[in-house]
Amino acid sequence: MSMAVEMSSKQPTKDFFSSPALSLSLAGIFRNASSGSTNPEEDFLGRRVTDDEDRTVEMSSENSGPTRSRSEDNLEGEEDQEEEDGAGNKGNKRKRKKYHRHTTDQIRHMEALFKETPHPDEKQRQQLSKQLGLAPRQVKFWFQNRRTQIKAIQERHENSLLKAELEKLREENKAMRESFSKANSSSCSNCGGGGGSPDDLHLENTKLKAELDKLRAALGRTPYPLQASCSDDQQRRVGSTLELYTGVFALEKSRIVEIANRATLELQKMATSGEPLWLRSLETGREILNYDEYLKEFPQAQASSFHGRKTIEASRDVGIVFMDAHKLAQSFMDVEQWKEMFACLISKAATVDVIRQGEGPSRIDGAIQLMFGEMQLLTPVVPTREVYFVRSCRQLSPEKWAIVDVSVSAEEDNNTDKEGSLLRCRKRPSGCIIEDTSNGHSKVTWVEHLDLSASTVQPLFRSFVNTGLAFGARHWVATLQLHCERLVFFMATNVPTKDSLGVTTLAGRKSVLKMAQRMTQSFYRAIAASSYHQWNKITTKTGQDMRVSSRKNLHDPGEPTGVIVCASSSLWLPVSPTLLFDFFRDETRRHEWDALSNGAHVQSIVSLSKGQDRGNSVSIQTVKSREKSTWVLQDSCTNSYESVVVYAPVDINTTQLVIAGHDPSNIQILPCGFSIIPDGVESRQLVISSTQEDRNTQGGSLLTLALQTLINQSPAAKLNMESVESVTNLVSVTLHNIKRSLQIEDC
């Protein structure tokens, strides 16, 4: 791996949402395809494709059932006509064509493959055609039409958004001009003068445009450095979700306040009620929502639920955190702090509008905000969830606060045929009750309650996601506890020597911890299925499935400049999460799995504790070989839910400056690492209803490995097959070494 380092006092620029986010309308049709290559002449690896690969005519919506494009439907009809013409029918009278409509089952199978790979190769098309009883040409044409359909819908949607944007700016300009005219026509009794000058109005209008651009960037409109298969002049600009969001939540503010107040009352009941609303599982010890009882307690929930197939996720958990209730409530109402608290769970977040300002010194009591968040799991094979919701903060007593999230839309007013139907994930009253205990600690009772439209999840994670564990209350509470614990250790001034080996000053300790935190947050962005990246499924020569993404870094000083490739693979291992976590963080066993260490001697020269668990630590390891000595920064994080080990090679000279207390913001780091999630008896249903079904589970760990490398220091360089193979081979070797060391070759 190539590593360039630059020390500077300049803070790194933040591309808050640095890639085009998928518009809400397209999310309902196909999530992954919208972030695909925008260059019709090149595929992911830069290979040329023919002009007819994406040519088609007349498309139909995914929700239109069996109706399909004319180019695919009349395929058999055209072939029949050609045969008849070839048989000697040379008259001028043209026979009526026979049209073929794909069955629902055929469409379902092709949609499933399309979500995995919008550009199937010939082998995949042949296999699918045999499976569905279709001609290979029919399958090929269907995929061509589907790709073009996505592009056409996106273009139409973005055009409409741009027109609405332009009209809005015109109306604002007109209103300001009218205000200027009225101000000049009357005298001001206080200042004795007229209104503002035209220059002032122009300045105000410019500020409004800048604010609009800021909101657009916050929700993903700002272009992100493209995938390697796209040229700079062909960058795709996906439509902002801000306008759609405004359309979906086009309710009077008084109505939104009413919904938020009702949601607060429901959350309080959900957080404090026992049986029969919540039942204790004899197998896992966790609480399970009795959904039939829930509908009796809250009958209005039935009327506002999704129409059609849906999934319900409900969970509750309680934990003690190292932060007082008021400060914790403030962090929830600040979108940047909220995103930092849950960096492994939230890939994007934005405050769209402030419905009501809060009261009190911190102005959070009674505050209500419109918010957006994209939730992720640390693996590229699980789709992210885009959630739009209202967040309210209420002080229930001097020691108790409530943070309440609830999705609101036109559906609340029985308008189910509009944009509300596009929402794939809806929050029922969720959030947490925060209560001060003692010594700066707080008791947090978390309730997570979601409605989701039915979706397909990769089989490896299917039971884990469908049972609600992936985004449930336990995950949120465990992540919050780990974050608050890290802050306590970061701010501590009386650190025992055994918890700060190799660093002699508090400034140096903080600098190293900051650098490790930035590295880990960068890894979170790189490994998940967020629209920051386009993931492509690749099957290696050994038959192993991997996900590969690429990006071009031009402006982020915290990463090397050039083309970066990330390869990831997820698998199940019959090993306990604790054993697997200890194996990866043990420097004496690094040579057993790290292919780049080549069996070299590894020793920790810095070791900093950042939590009560011995596994929560930051270390700097020196890898000594005959040729050279390399330093590796490693951050290990673990809680009751998941464990993460992140590492990256760092420059020795600049890292020594960081240990001495210098600012680490601009040190270029390209992290790799592992995400470990327990699997076993915890994979149980979180909702009890009259139609519940038993689920089989198995113990072990779900491991996701991600390796990143800089393949070219020139951002203009093209991605090639050799570069991709070098990274995927490294992943394969690492996984092979892991299985061999843990004696699970047959897994």
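Trp142 is buried, with a relative accessible area of 1%. The ring of Trp142 forms an aromatic pair with Phe114, one of 19 aromatic pairs in the structure. The model is predicted. The structure also holds 18 salt bridges, and several side chains of both kinds are described below.

**The pair Phe114 and Trp142**

- Phe114 belongs to helix H4 (residues 104-116) and Trp142 to helix H6 (residues 136-185), so the pair links distant parts of the chain, 28 residues apart.
- Phe114 counts as buried because its relative accessibility is 1%, under the 20% cut-off.

- Phe584 and Phe674 form a stacked aromatic pair, 3.8 Å centre to centre.
- The planes of Phe584 and Phe674 are 10° apart, and this pair counts as stacked because the angle is under 30 degrees.
- Phe584 lies in helix H17 (residues 577-585) and Phe674 in strand S19 (residues 672-679), so their pairing ties together parts that are 90 residues apart in sequence.
- Both Phe584 and Phe674 are buried.
- Phe584 and Phe674 also belong to a cluster linked by ring pairs, together with Phe583, Trp593 and Tyr647.

**Charges over rings**

- Arg590 has its charged end over the ring of Tyr647, at 4.6 Å from the ring centre.
- Tyr647 is itself a member of the cluster with Phe583, Phe584, Trp593 and Phe674.
- Lys427 lies over the face of Phe389, 5.9 Å from the centre of that ring.

**Salt bridges of Asp582**

- Side chains of opposite charge can pair when their charged atoms come close.
- Asp582 meets Arg585 in a salt bridge, at 3.4 Å from N to O.
- Helix H17 holds both Asp582 and Arg585, which are three residues apart, about one turn of the helix.
- Asp582 is partly exposed, with a relative accessible area of 24%.
- Arg585 counts as buried because its relative accessibility is 17%, under the 20% cut-off.
- Asp582 forms a salt bridge with Arg614 as well, and the closest N and O atoms of that pair are 3.4 Å apart.
- Arg614 counts as exposed because its relative accessibility is 59%, over the 50% cut-off.

**Other salt bridges**

- Arg590, whose charged end sits over the ring of Tyr647, also forms a salt bridge with Asp594.
- The closest N and O atoms of Asp594 and Arg590 are 3.1 Å apart.
- Arg590 counts as buried, at 1% relative accessibility.
- Asp594 is buried too, with a relative accessible area of 12%.
- Arg280, Glu287 and Arg316 are joined in a network of salt bridges.

Methods
Residues numbered from 1 in each chain as written. Predicted model: local features only at pLDDT ≥ 70, side-chain atom pairs only at ≥ 80, totals over all residues. Heavy atoms only, no water. Phe/Tyr/Trp six-rings, centres within 6.5 Å; stacked < 30°, edge-to-face > 60°. Helix = DSSP H or I, 4+ residues; strand = E, 2+ residues; numbered from the N terminus. Buried < 20%, exposed > 50% of the residue type's maximum accessible area, 1.4 Å probe, protein only. Lys NZ or Arg CZ within 6 Å of the ring centre and 35° of its normal. Salt bridge = Lys/Arg side-chain N within 4 Å of Asp/Glu carboxyl O.
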